[in-house]
Amino acid sequence: MHLPKRNHTVVVPNFFGEGKNLEAWQLGWQPENRMETKSSVSKKIFQTYVEIGHFNLIIYYVADGNFYGFHSENCPIPVFRFKKEPERYIYDQLGNQDTHDYMHGELLYMIPCDESVWDTVKIDGKSLEEVIQNSYIVNIS
């Protein structure tokens, strides 16, 4: 079996610490997300985790250099933006935690329980599909 070649383009140098880069092949849903949800359709994967499973999701969106949190344990569902600190990424503060105090971020949306997060949220005018394919999935918990 041949595995596809991975694109080793560095998108964020030292994202995970000194000499540990975030590379293009690490963006978007990972194979384990597709296997667990039995889908390769981004909307279905997102809805399975966030809207149906009520998992919290934190992503790092490469295009604007910010983290975004979907706190789906609550209803309505708050969606937050966490700005990175200048010259320093806060991956370690977010990436290894099961929960996070989302109140430290900028509240972008409060999605009512009967509305689709996927269909409602836009980041910089872009759909979640486009944002996620250009994001690092930091945490699903």
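View 1. R81 is buried, with a relative accessible area of 15%. In this predicted model, R81 forms a salt bridge with E106, and the closest N and O atoms lie 3.1 Å apart. The pair links distant parts of the chain, since R81 belongs to strand β5 (residues 77-83) and E106 to strand β6 (residues 106-111), 25 residues apart. E106 has a relative accessibility of 37% and therefore counts as partly exposed.

**View 2. The salt bridge between D119 and K43.** The side chains of D119 and K43 meet with an N to O distance of 3.7 Å. Distant parts of the chain are linked by this pair: K43 is in helix α2 (residues 42-52) and D119 in helix α4 (residues 117-120), 76 residues apart. K43, at 33% relative accessibility, counts as partly exposed; D119, at 47%, is also partly exposed. The count of salt bridges in the model comes to two.

**View 3. The disulfide of C75 and C113.** The structure holds one disulfide. C75 and C113 form this disulfide, with their sulfur atoms 0.9 Å apart. The torsion about the S-S bond is about 85°, so the disulfide is right-handed. C75 lies in the loop between β4 (66-70) and β5, whereas C113 lies in the loop between β6 and α4; the two cysteines are 38 residues apart and link distant parts of the chain. C113 counts as partly exposed, at 49% relative accessibility.

**View 4. The largest nonpolar core.** This core has 21 residues, of which W29, F46, L57, F70 and V121 touch the most other members. The elements giving two or more residues to the core are α2, β3 (57-61), β4, β5, α4 and α5 (128-133). Helix α2 gives the most, with four residues. In soluble globular proteins, nonpolar side chains tend to be buried together.

View 5. Leaving aside residues up to four places away in sequence, W29 touches R34, S42, I45, F46, Y49, L57, I132, I137 and I140. Among these contacts of W29 are F46 and L57, which, like W29, are listed with the residues of the largest core that touch the most other members. A second, separate core has twelve residues, including V12, F15, F80 and F82.

Technical notes:
Residues numbered from 1 in each chain as written. Predicted model: local features only at pLDDT ≥ 70, side-chain atom pairs only at ≥ 80, totals over all residues. Heavy atoms only, no water. Salt bridge = Lys/Arg side-chain N within 4 Å of Asp/Glu carboxyl O. Buried < 20%, exposed > 50% of the residue type's maximum accessible area, 1.4 Å probe, protein only. Disulfide = S-S within 2.5 Å. Core = buried A, V, L, I, M, F, W, Y, C linked by side-chain atoms within 4.5 Å. Contact = heavy atoms within 4.5 Å.
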